[in-house]
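I'm opening my notebook on a new chain today. I'll jot down each thing I look up, one entry at a time.

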Amino acid sequence: MNTDNEAAILYAKKYIEDLLSFFGLNTDVYATSSDDEVIELHVPSTQLNSFLIGQHGDTMHSLQFLVSSALRSQNYELSRVNLDIADYKKQRADRLAERAEGWLKQVKDTKQPFDLRPMNAADRRIIHQLAADWGLSSESTGEGRDRHIILGYIEEEPEKKVKDTEKSDKKTKKVNEAETTEEVKQDEETKETEDEAEEE
């Protein structure tokens with residue numbers, strides 16, 4: 001198994017550039033890996049955007065699969081690839097995040113679970129991350145084309161409520177003893193984080 005990640009990134013970059021050259025497109029592909037788990041390949045916008053992306057991104061995903069398969073055939077440990085052409089995936093993710101905000105707010109306000117429509121793996125990963133950022137649970141369920149996410153509200157743990165109440169009482173006491181509220185320093189903020197849901 002070849003564990004040289006830099007070599008894997010360079011190989012993926014050259015492979016996709018060679019593939020594009022077959023279509024008469026000579027362009028420089030930006031290649032990187034911020035987490036040493038997935039190689040990010042970004043093809044700039046060209047006159048062949050529609051052709052390379054395909055309907056619903058089908059052609060782009062096929063190219064992505066070819067690059068990933070080539071890496072595995074060369075025995076590279078780093079073989080997962082995310083190919084984006086003309087920021088197609090980024091723009092799609094931004095639009096999905098905007099829609100998801102309404103779903104997340106609904107669960108937060110009503111404290112009731114909410115079933116989302118079936119989504120592909122990439123879209124589900126986006127929702128899982130957004131749910132974690134909002135302090136909500138997210139679970140993938142169903143099989144194949146019916147696989148979707150159920151958003152859920154997470155009740156605050158009783159012990160944490162007690163601690164938060166104690167902190168609040170201490171803050172109130174400090175405010176009462178201080179000459180002005182500006183002289184009171186806030187206690188450290190409490191954060192809640194959720195592990196990302198199962199790997200899709």
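Predicted model: local features only at pLDDT ≥ 70, side-chain atom pairs only at ≥ 80, totals over all residues.

What percentage of the 200 residues of the chain count as buried? I get 32%. For this, buried means under 20% relative accessible area, exposed means over 50%, and partly exposed is in between (1.4 Å probe, protein chains only).

Residues are numbered from 1 along each chain as its sequence is written, and side-chain values use heavy atoms, with hydrogens and water left out.

**Entry: the layout.** I looked up the elements and found six helices and six strands. Starting at the N terminus, they run α-β-β-α-α-β-α-β-α-β-β-α. Helices (H or I, at least four residues) and strands (E, at least two) are DSSP runs, numbered from the N terminus.

**Entry: the rings.** My rule: rings of Phe, Tyr and Trp (its six-membered ring) pair if their centres lie within 6.5 Å; planes under 30 degrees apart are stacked, over 60 edge-to-face, and the rest tilted. That gives me three aromatic pairs. Why is the pair of Tyr11 and Tyr76 tilted? Their ring centres are 5.6 Å apart and the planes sit at 45°, so tilted it is. This pair links distant parts of the chain, 65 residues apart: Tyr11 is in helix α1 (residues 5-22), and Tyr76 is in the loop between α3 (58-73) and β3 (81-85). Tyr76 is buried, at 13% relative accessible area, whereas Tyr11 is partly exposed, at 25%. I also noted that Tyr11, Tyr15 and Tyr76 form one aromatic cluster.

**Entry: a nonpolar patch.** Patches are made of residues with over 30% relative accessible area and no salt bridge; like charges are joined within 9 Å, nonpolar side chains (Val, Leu, Ile, Met, Phe, Trp, Tyr) within 5 Å. A salt bridge here is a side-chain nitrogen of Lys or Arg within 4 Å of a carboxyl oxygen of Asp or Glu. Accessible areas come from the Shrake-Rupley method with a 1.4 Å probe; for residues, only the protein chains shown count as cover. I found Phe22, Phe23 and Phe51 making a nonpolar surface patch of about 380 Å². Phe23 is in the loop between α1 and β1 (30-32) and is partly exposed, at 40% relative accessibility.

Entry: Is Leu41 buried or exposed? Leu41 is buried, with a relative accessible area of 0%, and I found Leu41 in strand β2 (residues 39-43). Leu41 and Tyr30 are 11 residues apart in sequence and 5.8 Å apart in space, C-alpha to C-alpha.
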